[in-house]
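Let's take a friendly walk through a protein model together. Keep the structure open beside you as you read, and look up each residue as we reach it.

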Amino acid sequence: MTDIVQTMPWLAGSWRSVCTRLAEDRLPHALLVAGERGVGKRAWAEAVAGLLLCDHRAVVGADNLVACGQCKQCELVQAASHPDLRIYAPEKSRMVRVDQIRALAGFAVASAQVARRKVAIIDRADQLNVNAANALLKTLEEPVQGVTLILLQESGRPILPTIRSRCQALTLPVPEEAQAQHWLLAQVAMLDDDQRPGAEVLAKSLMLAGNAPRLALEYASGEFPAQRDEALEAFKRYLKGQIPVGEAARSFKAIGLEQTLWLFENWAADLARHAAGGEARDPDAADMLAFLAGRNPPWRAHELLDQVRQSREAAVYNVSPELEATRLLIAWRELMPRKRAPG
Ligand SMILES: [Zn+2]
């Protein structure tokens, strides 16, 4: 029996709201589930799918339902081979393609094979190309009895208003630091001794992930924290005029485009926080950001945020991280006080 409320307690509220709607037989045809990256959206959606497909749901405590974990449906879900559950995720191009959405439409109108209903998850609905979005709109406009669509959206990423308006929206929250840490420690406890990250790496990963637990786990077991340290160092040195922009941009190459944009977005958001009298989330960048915030009007931070958004839109066309880093680094350099020419 899998109980997501126990393993990921920060998702309890949104889980219960699904349970309540299910118990009252008013579960919507389509759910749009938003949440920060690494907060557990996919795990949540798969758990909801498992709950919907299960033949013997159990009631645990007040308005909390769980899948039984033992029926034929649950077995198939656990083996990731349930024919009435489909998951559509971006492929190589980082976009969900129109043929995937056409497959979804076919799946939605076919009869269920072994369960009494069908579930389709779109991970992620904010990465549909135009044709895919239009195709999905058709499916949303003609709801099929017994089919539930769960659309996942990363917070802050745009989604067509026409799609949004046909779904019921839910937001999954980011856990408190203590909850995130607890989950992360439980995950790394399952690793072998020689693979288990140290306390310092875990703390840094949590900070970098903004307490999004799955993202923190990904960071803790990967190269990202070290690569980001190196890139931040190069960023600072470039701002001080110690290295040319090309050299600074090169350190973002290994990080990849998505993460590079994400770093610049967070630094710009931290700069905006500083300008508003708040504190930066990234302590390693805090001194630099405090310096810049003290010498620039607050709208500069928002301009930098807009530039990241523009880069993200351009990312559809496979821009390189180095190229985008160069563009953003130059924009940041504008914030540095100009040295007076000697004499
Ligand atoms: Zn079951």
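Predicted model: local features only at pLDDT ≥ 70, side-chain atom pairs only at ≥ 80, totals over all residues.

Helices (H or I, at least four residues) and strands (E, at least two) are DSSP runs, numbered from the N terminus. Residues are numbered from 1 along each chain as its sequence is written, and side-chain values use heavy atoms, with hydrogens and water left out.

**Buried and exposed residues**

A residue is called buried under 20% relative accessible area, exposed over 50%, and partly exposed in between (1.4 Å probe, protein chains only). I159 has a relative accessible area of 12%, so I159 is buried. From I159 to L185 there are 26 residues in sequence and 34 Å in space, C-alpha to C-alpha.

Other pairs are set out below, again with C-alpha to C-alpha distances.

| Pair | Apart in sequence | Apart in space |
|---|---|---|
| I159 and L185 | 26 residues | 34 Å |
| V48 and I4 | 44 residues | 9.4 Å |
| L257 and L323 | 66 residues | 9.3 Å |

Where do two of these residues sit? V48 belongs to helix 3, and its relative accessibility of 1% makes V48 buried. L257 is part of helix 13, and with 8% relative accessibility L257 is buried too.

**Helix 3**

How far apart are the end C-alpha atoms of helix 3? The expected span of a helix is 1.5 Å times one less than its number of residues. For the 13 residues of helix 3 (residues 41–53) this gives 18 Å, and the end C-alpha atoms are 18 Å apart, which agrees.

Ten of those 13 residues are buried, so helix 3 is largely enclosed by the rest of the structure. Among the buried ones are K41, W44, V48 and L53. An α-helix has 3.6 residues a turn, so residues three or four places apart point the same way.

**The zinc ion**

Which atoms hold the place of donors to the zinc ion? Donors are N, O and S atoms within 2.8 Å of the metal (3.2 Å for Na, K and Ca); water is not among the atoms, so sites may look incomplete. Here the protein donors are the SG atoms of C54, C68, C71 and C74, lying 2.3 to 2.4 Å from the zinc ion. Their spacing in sequence is C-x13-C-x2-C-x2-C. C54 and C68 link distant parts of the chain: C54 is in the loop between helix 3 and strand 2 (58–59), and C68, 14 residues apart from it, is in the loop between strand 3 (65–66) and helix 4 (72–78).

Four donors count as tetrahedral if all angles lie between 85 and 135 degrees. The four donor atoms around the zinc ion subtend angles of 105 to 116°, so the arrangement is tetrahedral. Ideal angles at a metal are 109.5 degrees for four tetrahedral donors.

**The cavity**

On a 1 Å grid over the protein atoms alone, a cavity is a set of points where a 1.4 Å probe fits but cannot get out, and lining residues have an atom within 4 Å of a point. Grid points are joined across faces, edges and corners, and a volume is the space filled by probe spheres set on the points.

The structure holds one cavity of 30 Å³ or more, and the largest cavity has a volume of about 70 Å³. Its lining includes M207, W262, N266 and R281. Helix 9 (199–208) and helix 13 (257–275) each supply at least two lining residues, and the largest share, five residues, comes from helix 13.

**Backbone details**

Most residues other than glycine have a negative phi, and most peptide bonds are trans. The peptide bond from D123 to R124 is cis, with omega near 25°. R124 is in the loop between strand 5 (118–123) and helix 6 (130–141).

D25 has a positive phi, near 55°, and is found in the loop between helix 2 (12–23) and strand 1 (30–35). At 73% relative accessibility, D25 is exposed.

Note on methods:
1 Å grid on protein atoms, 1.4 Å probe; cavity = no way out; pocket = protein on both sides within 12 Å on 5 of 7 lines; lining within 4 Å. Tetrahedral: all angles 85-135°; square planar, octahedral: opposite > 155°, others 65-115°.
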